[in-house]
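Subject: Structure handover

Hello,

My notes on it follow below.

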Amino acid sequence: MRALVVESLEGPDAVRLADVAEPEGPHPRADGQRVLVEVHAAGIAFPDLLQTRGAYQISTPPPFVTGGEIAGVVLEADAGSGFAPGDRVAGMSIWGAAAERALAIPKFTVKLPDAMDFAAGAALWLNYSTAWFAIERAAVQEGEAVLVHGAAGGVGTAALDVLRGRGARSIAVVSSDEKERVAREMGADEVVRSTGPWKDEVRELTGGNGVQVVLDPVGGDRFTDSLRSLDQGGRLVVIGFAGGSIPTVKVNRLLLGNLTVLGIGMDPFDRRFPGTVRRIGDEVAAAAAAGQLRPYIGHRLAFEDGAEGLRILDRREALGNIVVDVRPDGAGAA
Amino acid sequence: MRALVLRELGGPDAAELGDLPEPEGAHPMAEGGRLLVEVHAAGVSFPDLLRSRGEYQMHPPLPFATGAEVAGVVREAAPGTGFAPGDRVAALVHWGGVAELALAMPQHTVRLPDGMSYAQGAALYLNYATAWYALYRAHVREGEAVLVQGAAGGVGTAALEIAAALGARTIAVVSSDAKERAARDMGAGDVVRSDGPWLEQVRELTGGRGVQAVIDPVGGDRFTDSLRALAIGGRLSVVGFTGGSIPEMKINRLLLRNLSVSGVEMAVMDTEVPGTVKMVNEAIQALAMAGRIRTLIGARLPFEDSAEALRILDRREAIGKVVVDVRPNGAGPA
């Protein structure tokens, strides 16, 4: 079968469309349950870029197939996996998605609502589950103000989309006109620029109090200003470090503001509290089925151009989600 | 009236028993008007030592009496304070405590249960309110394991008692045999030594999993190991930095294990979330009434010798609250 293969850990330029063996057995992280999916669309996201350099916390040795998310139709499913041949599904595969066939991980897989096409499905699980979990862990309440960094990115657009359904007020931080347009389209109530005096603008927008919650998939230098943007009792959720550098905080910054900084990592959380990931996936799928979620797909690439998705991420140019059309929509099994 | 007076910010040696005018009006930070207390016992603690040198954030004008806490009998109470003459009370006063009469802040005053002595009352409010709020912010629940740093200190011993009352299991971190005895006396479930392999011991004691919460009034070098001691989803409450140095944390430490770190400062939080202090007061009062609070008194001085109180703190000699008997127990109102 054809696949986008990471031949060596040298970044996006070492990714080629090539012939590889059909996937055998179960996905190594699938608790022994084989679910084989005929891939229609694959999602490429920030962890995939990190994996091309061996810089992600979960890895498989090269050569391996890139693509952390799949949307397609189940071809084979072990009994007990919760899926059956013919099911339209979407889910996180961690790697292996950008291929004609891929192994799904049942607990990271949901049934794709009928109204959602495969491209939207390939943009659903990872970013929406992450945003959903972050919003849950921050205990965002109706009426609270939430600052979203990297608001035009995959997690950022998903967070804006989820927040607009919850009666929270979102303030998006973006770095360009184009990203501002995306953030507004995804429901941002306010938009500020990371290159401008955004901290002061956030204060003004919140009557001097600051926001109750910051969702931060970016990290980097602006972390301290994020803490300064928080109201008394405010919560900052650390989602990742797309900005590259890992912030350090002097702990006394938290003390007088009664601030909380919390990290999120769904997979380890699920190992300790089994069922968390399943529940979140189901809640996201239910919201999608109810028409409440509209994943923003900023880049849609033909199968043979899929490696370009990794380069877009590398240049920090991604708008929303990046989807590779492995099978153009409507095409049946190969 | 007689009081332990500071006429200059010269540290412990500048404190002398002398005469001050009786307090007029209301405490400058009082909410609800004048509340005058006949002091039976006064608590002297670390902030008093800092204040004697001008190193604390809140200061009265010179000259002033030292002593941040009192227990005694209400002599005068403005309407709206919620108290009446004759009430036995315990209060945080910030300064002015080691004196025959002191002005209390109604919002930081609780009724002293009949079963508690004035000396215990002088050791009640500051540490128990702080510890209760730190445990509350860490969402400590029945059956969870709580690591208490500085467990023989004021906040530490209070945290041991309150955590036990909540049905949590406590692990105390102490630095000496004498402190271990104090922690055990105050109900510590397990005790580990800060100069030993305490992190490994904590892991062993928790079946490899780690604790659900850490209460940290110490800060300093062991902060990173406190994070390592947390189970997935664990919470750390930063209460202060009696260890002297302020820790820095790299934020990625929080990410994969879903840790959260919160700064805890009850009085400041009350400005944003009114009712915070009232909630804490009611909880402390209820625990005291239920006999769940014993308080640890490390040194007890007659009024005449009270100048020694700050020096005892300066030498870090006392394990438990330093209490001055302003009116020897049993004596009635003057």
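**Domains**

Ten residues of domain 1 of chain A are in contact with 13 residues of domain 2 of chain A; contact means that the C-beta atoms, placed from the backbone, lie within 7 Å. The domain 1 side of that contact has seven nonpolar, three polar and no charged residues. For these classes, Ala, Val, Leu, Ile, Met, Phe, Trp, Tyr, Cys and Pro count as nonpolar, Asp, Glu, Lys and Arg as charged, and the others, Gly among them, as polar.

Before going on: this is a predicted model, where local features need pLDDT of at least 70 and side-chain atom pairs count only at pLDDT 80 or more, while totals for chains, interfaces and linings use all residues. Residues are numbered from 1 along each chain as its sequence is written, and chains are lettered from A and ligands numbered from 1 in the order in which they are written.

Domain 1 of chain A covers 2-124 + 295-325, and domain 2 covers 127-268. These bounds come from an automatic or database domain assignment. The C-alpha centres of the two domains of chain A are 27 Å apart.

In chain B, domain 1 is 2-124 + 295-325 and domain 2 is 128-269. Their C-alpha centres lie 28 Å apart. Here seven residues of domain 1 touch nine residues of domain 2. The domain 1 side splits into four nonpolar, two polar and one charged.

**Between the chains**

31 residues of chain B are in contact with 31 residues of chain A. On the chain B side, at least two residues each come from strand 13 (230-238), strand 14 (248-250), helix 8 (252-255), strand 15 (260-263) and helix 9 (266-272). Helices (H or I, at least four residues) and strands (E, at least two) are DSSP runs, numbered from the N terminus. By class, that side has 18 nonpolar, eight polar and five charged residues.

Strand 14 (residues 248-250) of chain A pairs with strand 14 of chain B, antiparallel, over three bridges. Pairing requires at least two DSSP bridges between the strands. Thr248(A) has Lys250(B) as its bridge partner.

**A sheet in chain A**

Three strands of chain A form an open antiparallel sheet in the order 2-1-4. Strand 2 (15-19) and strand 4 (64-65) are its edges, each pairing on one side only. Strand 1 (residues 2-6) and strand 2 of chain A share five bridges. Val5(A) is opposite Arg16(A).

**A helix pair in chain B**

The axes of helix 3 (residues 125-137) and helix 4 (residues 154-165) of chain B come within 8 Å and cross at roughly 60°. Axes are lines fitted to C-alpha atoms, for helices over the stretch in contact, and angles run from 0 to 180 degrees between N-to-C directions. That makes helix 3 of chain B oblique to helix 4 of chain B; under 35 degrees is roughly parallel, over 145 roughly antiparallel, 65 to 115 roughly perpendicular and the rest oblique. Their contact has ten nonpolar, three polar and no charged residues.

**Backbone points to check**

Most residues other than glycine have a negative phi, and most peptide bonds are trans. Asp31(A) is not a glycine, yet has a positive phi of about 50°. The peptide bond from Pro62(A) to Pro63(A) is cis, with omega near -5°. A cis bond also joins Leu62(B) and Pro63(B), with omega about -10°. Pro63(B) sits in the loop between helix 1 (46-52) and strand 4 (64-65) of chain B.

Regards

Technical notes. Two residues are in contact if their C-beta atoms, placed from the backbone, lie within 7 Å.
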